[in-house]
Amino acid sequence: MSDMNDMNDDRDDQDAAFDEEASPDEEFALDLLEEELRQATAILDPVPPALRQIAVEAFALHDLDSRIAELSFDSVVDALPVRGATGAPRMLTFHAGEVTVDVELTPQGLMGQVLPPQSARIEVLSGPQAGSPLTTDDMGRFLYEPSPAGPFALRLRTGEGVIVTDWITV
């Protein structure tokens with residue numbers, strides 16, 4: 001009978017060990033192991049690019065009450081080329097109801113204006129994390145540096161609601 005009690009005492013000691021918090025060295029080792037597993041997964045089983053794109057696009061839908069500002073002008077598609085002009089900025093125009101967003105995209109960054117002029121907080125979306133928020137000036141203008149790389153969209157928070165632009169690939 002005492003053997004049974006000794007086994008129960010051993011189990012109680014093991015359970016108590018699991019209940020205690022890990023020491024800083026153990027936490028560091030667990031963090032290191034987690035990072036090594038993430039790196040191995042990224043190499044051996046990477047996320048397919050198509051799935052990554054779907055995830056990025058779905059992330060934009062987390063503002064389900066937002067209005068979509070559709071692209072109505074893109075200088076790459078709609079403008080007549082000017083002979084001899086190189087390095088011209090890309091001009092984009094988005095519309096959502098009565099709100100227009102004009103954007104000029106250059107290698108240094110993007111400049112834009114919300115029309116009619118109004119106060120808005122703007123986030124440049126270029127993946128799962130939004131960029132630092134911008135605020136328009138009295139004329140509805142904003143500036144973002146550096147230029148986004150890859151697909152991006154703008155999220156505007158105005159007094160009338162949230163507007164998200166179509167995604168554009170640079």
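**Group meeting: a predicted single-chain model**

Good morning. I begin with Thr-106, which is found in strand E3, residues 99-106. The model under discussion is a predicted one. Thr-106 counts as buried, at 18% relative accessibility. If residues up to four places away in sequence are not counted, Thr-106 touches Pro-89 and Ser-147.

The protein chain contains 4 helices and 10 strands. Along the sequence, the pattern reads α-α-α-β-α-β-β-β-β-β-β-β-β-β. Of the 170 residues in the protein chain, 28% are buried. The chain exposes about 12000 Å², and carbon and sulfur atoms supply 56% of that area. As for contacts, consider those between residues at least 6 apart in sequence: 50% of them join residues at least 24 apart.

I turn next to the charged pairs. Side chains of opposite charge can pair when their charged atoms come close. How many salt bridges does the structure hold? The count is 5, and I shall discuss some of them individually.

Glu-34 forms a salt bridge with Arg-38, with 2.7 Å between the closest N and O atoms. Both residues lie in helix H2, residues 24-44, and they are 4 residues apart, about one turn of the helix. Glu-34 is partly exposed, with a relative accessible area of 37%, whereas Arg-38 is exposed, at 52%. The cut-off matters for that last label: exposed means over 50% relative accessible area, so Arg-38, with its 52%, is classed as exposed.

Helix H2 also carries Glu-27. Glu-27 counts as partly exposed, at 41% relative accessibility. Together with Asp-25, Glu-26 and Asp-31, Glu-27 forms a negative surface patch.

Glu-123 forms a salt bridge with Arg-157, and the closest N and O atoms are 3.4 Å apart. Where in the chain do Glu-123 and Arg-157 lie? Glu-123 is in strand E5, residues 120-125, and Arg-157 is in strand E8, residues 151-158, so the pair ties together parts that are 34 residues apart in sequence. Glu-123 is buried, with a relative accessible area of 14%, while Arg-157 counts as partly exposed, at 32% relative accessibility. Here, too, the cut-off explains the label: buried means under 20% relative accessible area, so the 14% of Glu-123 places this residue among the buried ones.

This pair belongs to a network: salt bridges link Glu-123, Arg-155 and Arg-157. Strand E5 also contains Val-124, which is buried, with a relative accessible area of 1%. From C-alpha to C-alpha, Val-124 and Arg-155 are 6.6 Å apart in space, and 31 residues separate them in sequence.

The remaining pair I wish to describe involves Arg-141, a residue of strand E7. Asp-137 forms a salt bridge with Arg-141, the closest N and O atoms being 2.9 Å apart. Asp-137 is partly exposed, with a relative accessible area of 30%. Arg-141 is likewise partly exposed, at 44%. Which residues are in contact with Arg-141, leaving aside its neighbours within four places in sequence? They are Gly-112, Gln-113, Thr-135 and Thr-136. Arg-141 can also be placed relative to Val-103: the two residues are 38 apart in sequence and 9.6 Å apart in space, C-alpha to C-alpha.

Finally, a word on the backbone. Most peptide bonds are trans. In this model, however, a cis peptide bond joins Leu-115 and Pro-116, with omega at about -5°. Pro-116 lies in the loop between strand E4, residues 109-115, and strand E5. A cis peptide bond also joins Glu-145 and Pro-146, again with omega at about -5°. Pro-146 lies in the loop between strand E7, residues 141-144, and strand E8.

To review the strands through these features: E5 holds Glu-123, and E8 holds its partner Arg-157. The loop between E4 and E5 contains Pro-116, and the loop between E7 and E8 contains Pro-146. Thank you for your attention.

Key. Residues numbered from 1 in each chain as written. Predicted model: local features only at pLDDT ≥ 70, side-chain atom pairs only at ≥ 80, totals over all residues. Heavy atoms only, no water. Helix = DSSP H or I, 4+ residues; strand = E, 2+ residues; numbered from the N terminus. Buried < 20%, exposed > 50% of the residue type's maximum accessible area, 1.4 Å probe, protein only. Contact = heavy atoms within 4.5 Å. Areas by Shrake-Rupley, 256 points an atom, 1.4 Å probe, with all protein chains shown as cover. Salt bridge = Lys/Arg side-chain N within 4 Å of Asp/Glu carboxyl O. Patch = residues over 30% accessible without salt bridge, like charges linked within 9 Å, V, L, I, M, F, W, Y side chains within 5 Å. Lys, Arg positive; Asp, Glu negative; His and termini not counted. Charge placed at Lys NZ, Arg CZ, Asp CG, Glu CD.
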